[in-house]
Amino acid sequence: MEVIQQILFIVALGLTAWIIARRVQVIKRTIQLGRPDDRTDRPAERLGMMLRVAFGQKKMFERPLIGIMHFMLYAGFLLINIEILEIILDGALGQHRLFAPALGGFYSFLIGFFEFLAVGVLVVCVVFLLRRNGTRVERFQPPRHREMHGWPFLDGNLILIFEIVLMVAILTMNAADSALQDMGSAHYRRTGDFAFSQFLKPLFAGWNESTLIVYERVAWWIHILGIFAFGVYVTYSKHLHIALGFPNTYFARLIPRGKIHNMPEITKEVKIMLGVEQPAADAPPAEIGRFGAKDVMDLSWKNLMDAYSCTECGRCTAACPANITGKKLSPRKIMMDTRDRLEEAGRNMQANGGTFVDDGKSLLGDYILEEEILACTTCNACVQECPVLINPLDIILQLRRYQVMDEAKAPAAWNAMFSNLETSQAPWKFSPGDRFNWANGLK
Amino acid sequence: MAETTFKVPTMAEMAAAGETPEVLFWVGCAGSFDDRYKKVTVAFVKILNKVGIKFAVLGTEEGCTGDPARRAGNEFLFQMQAMANIQVLDMYQVKKIVTACPHCFNTLKHEYPELGGTYEVLHHSTYLQQLINEGRVGIKGGGTFKGRRITFHDSCYLGRANNIYEAPREVLEALDAELVEMKRSRVKGLCCGAGGAQMFKEPEPGKKDVNIERIEEALGTGADTIAVACPFCMVMMTDGVKNKEKEDSVKVLDLAELIAQAEGL
């Protein structure tokens, strides 16, 4: 019986590791579809940024109460994972509470601390479920935000329910364990009562030893298989931010927010047009690719990592002036669409032996609509809000560049503005000779 | 006062006289052509004259920085504008620029260096703050705005884009007025709705215009003066006040106008 459990456990562990590794490969390859963008400068500043924003959750604490609750989940997740090490070793070696003898009294303290975290996580998950399904937090409401229809809404709830099940399993498992210890059951080492689960012991009053063992084992299996399933699930879910939040903040842009990245390939053309530079006589005709971005492979790898890092909290959308006033633009949807298209590209690559085969679809048009990108005021509110330093604006601007330069599709009013710039060096139709008339009354 | 004459030298005149100004005042398209913002340009020039700053303007040699073209996605046009301006600026060996437009400021400061134009660029809010701190602009007893309720609307291209939040507020404090903040201010400031080349097209379909959302918040503070530091914000907020039929009781004024008025210029 013991051996069968050990074998089953090792098979489950191996299978989980294999599936996760495969998913990580797919995610990595799709991120590599993006354009190169060097983000290795200023390493000390980057490290500091990652420590403050990802490790220290700086931006989450802008709303202190939510910050504390989220920190509880984050700390719970990080620290309870230390216990997973023992659970995995127990499972593989057919042991029970392997570390208890070596750690002595400290073991009970540790488990007590983990139980404190478990209770904290449980309480926060319940609060978050209520928040997500109540009507108070507008940004979570599917009727108000079309990108939250269906899977994203379910995903947000599932992950919380998942955690609640895991925490209930670990707490009741510990309580059943204590009850078995009280009975002097053979395999259950004496560790003493645990800080929180002792209060659950009355639930098991009157249970006989074999029923308790079955419960304890089932809870143990639910807990560990739940964690394995969670690991796999995360790679398909918005919850990928728990891992990608770290590299995403490390590689975040450090230059002032107002700056839009230059297009050197255009600079050359413009210099030739202005006669500042001569085209090299023997140079082959410049091979100009696509201007701006139509699809995910036109974006930079960092834009794509941003998409996988998004946990759909919607702080960006709640701060977006266009969205607040009822326009179709939602920065969160920009990120979700980018990820959906990337996932589609990943499936495409898997089906075609690792290379992407044109499927006639594109990010702009099939996912993101012209009306959305046209509504952006480039105010940077979405960039300011993001707790993991995602930049939706950068994607919007690249899509605009494609739309305007490659497709030559701009609103008529913008085309008029462009031609005014060309003829009058001003966005309005004034004679350039009148530019200094404002001073006439002064002199 | 009305008889006082003010000097507005151009770079060309200065160069012809073999002189170099301390700073170039970049007027911008709105400051040159928009009837409302021309008053801001004039107010700022009056302050520069009074303080005795040796400044110059480009006059008809100035052209749009290209900001709206770049933000609308037309990189070609942006770079054409930028290169033409850089040629002019470099011809006059300009080192330091001040402008009353946050969009010009942002573009000149951050986007011209990659195209070969590197200058020290200041927004007029920072410039005015420096003049106040140096004691070169001092409003005796707070002037006409003493005790009035003023709210400041952050321009996105000053605030989030460039982290300039305190300079305009320090300028307002010199007026000895009561500065009241909107709920969404500083990093949380709500856009007026005109950035990103929205100024030059109709808004996309929605349930409300952004400037109406913002003006409601501004009026909610009970302020009788809405201070702005950007030509686009000026248009949007002024339209908002008109939409709410409050133009008799609430004024939208630029920082330079507030200082000039308080100084009796």
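A: What follows describes the interface between the domains, from its extent to its contacts.

This is a predicted model, in which local features need pLDDT of at least 70 and side-chain atom pairs count only at pLDDT 80 or more, while totals for chains, interfaces and linings use all residues. Residues are numbered from 1 along each chain as its sequence is written, chains are lettered from A and ligands numbered from 1 in the order in which they are written, and side-chain values use heavy atoms, with hydrogens and water left out.

In chain A, domain 1 covers 2-250 and domain 2 covers 289-426, with bounds from an automatic or database domain assignment. The C-alpha centres of these two domains of chain A lie 34 Å apart, and their contact (heavy atoms within 4.5 Å) takes 39 residues from domain 1 and 44 residues from domain 2.

Together the two domains bury about 3,700 Å², 54% of it on carbon and sulfur atoms, where buried area is the accessible area (1.4 Å probe) lost by two parts on being put together, summed over both. On the domain 1 side, A:Leu33, A:Arg35 and A:Asn248 lose the most area to domain 2, together 18% of what that side buries.

Across this interface there are 3 salt bridges, taken as a side-chain nitrogen of Lys or Arg within 4 Å of a carboxyl oxygen of Asp or Glu. A:Arg146 forms a salt bridge with A:Glu372, and the closest N and O atoms of that pair are 3.4 Å apart.
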